[in-house]
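Welcome, and please open your viewer with the selection tool at hand. We will go from stop to stop, and at each one you will hear what to select and what is there.

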Amino acid sequence: GSLYAYLELYGPDGTRLAGARGAIDKALTLTGKHTIIIRDEYNSYTGDYSLVWARLNNSCATALNCGQVATGSISTNERFKLYSFTASANDSVTIRATTPSIYLYAYLELYAPDGSRLAYSTNKIDKTLTLAGTYTIIVRDEYNDETGDYYLIWQRLNNPCNTTPINC
């Protein structure tokens, strides 16, 4: 349809915490049941939508070791995949995703241990991390409308793991 999905987030006390088209990234300060309202942005159109929520601190993500290649698939039933890795303050990391599909554009989002979004990009993120702790990576299709397989890897650049020396 022509639906422009608009999200509204309300706290346990009924206070409106956020509203945005397509996505909300918000640190929740109150414990309890929160409410999400999904509607057309203009209150005029109808259509299908998918809703995904994830806790980005203490997430239920699959842990990845440095240099480990993860393989996965984005499907109509599972539009997002979450991965986590542990890093030290001032680690410089590179995160890469490739896809054998010509339709799926792997889109990466990187979240800090406190749940704040640090970076997002198609296929790669290069970032120096300021906090020690567990980071979360979200892998999805760039436009959330394609499916397919992907490969994901992260590597620490200031203290690489699984390296193989090469001669001149």
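Before the first stop, one cut-off: a residue is called buried under 20% relative accessible area, exposed over 50%, and partly exposed in between. By that scale Glu78, at 41% relative accessibility, counts as partly exposed. Please also keep in mind that this is a predicted model.

Lys81 has 17% relative accessibility, under the 20% limit, so Lys81 counts as buried.

**Stop two: an open sheet**

Now select the strands β5, β12, β7 and β10. In that order they make up an open sheet of four strands with antiparallel pairing. Which strands stand at the edges? They are β5 (69–74) and β10 (124–128); each has a single partner strand, so one side of each is left without a neighbour in the sheet.

Zoom in on β7, residues 92–98, beside β10. Five bridges join these two antiparallel strands.

**Stop three: the cysteines**

Show the cysteine side chains next. How many disulfides does the count give? It comes to one, and this disulfide joins Cys66 to Cys161 with an S to S distance of 2.0 Å. The pair links distant parts of the chain, 95 residues apart: Cys66 lies in the loop between β4 (62–63) and β5, and Cys161 in the segment after β12 (148–156). Turn the view to follow the S-S bond, where an angle of -90 degrees makes the link left-handed. Are these two cysteines buried or exposed? Both Cys66 and Cys161 are buried. Cys60, by contrast, is exposed, with a relative accessible area of 73%.

**Stop four: more charged pairs**

Side chains of opposite charge can pair when their charged atoms come close. A search of the whole structure finds eight salt bridges. Select Glu8 and Arg16, where the closest N and O atoms are 3.3 Å apart. Glu8 is buried at 10%, while Arg16 is partly exposed at 41%.

Move on to Arg21 and Glu41, which meet in a salt bridge of 3.5 Å, N to O. This pair, too, links distant parts of the chain: Arg21 is in strand β2 (residues 16–21) and Glu41 in the loop between β3 (35–40) and β4, 20 residues apart. Arg21 is partly exposed at 46%, and Glu41 is partly exposed at 26%.

Then select Asp25, Glu109, Arg117 and Arg140 together to see a network of salt bridges.

**Stop five: two asparagines**

Most residues other than glycine have a negative phi. Select Asn90, in the loop between β6 (80–87) and β7, and you will find a positive phi of about 75 degrees. Asn90 is exposed, at 56% relative accessibility. Next comes Asn144, in the loop between β11 (133–141) and β12, with a positive phi of about 60 degrees. Asn144 is partly exposed at 35%.

**Last stop: a tyrosine patch**

Finally, switch to a surface view and select Tyr4, Tyr42 and Tyr45, which make a nonpolar surface patch of about 330 Å². Tyr4 sits in the segment before β1 (5–10) and is partly exposed, with a relative accessible area of 34%.

Key:
Residues numbered from 1 in each chain as written. Predicted model: local features only at pLDDT ≥ 70, side-chain atom pairs only at ≥ 80, totals over all residues. Heavy atoms only, no water. Pairing = 2+ DSSP bridges. Disulfide = S-S within 2.5 Å. Buried < 20%, exposed > 50% of the residue type's maximum accessible area, 1.4 Å probe, protein only. Patch = residues over 30% accessible without salt bridge, like charges linked within 9 Å, V, L, I, M, F, W, Y side chains within 5 Å. Areas by Shrake-Rupley, 256 points an atom, 1.4 Å probe, with all protein chains shown as cover. Salt bridge = Lys/Arg side-chain N within 4 Å of Asp/Glu carboxyl O.
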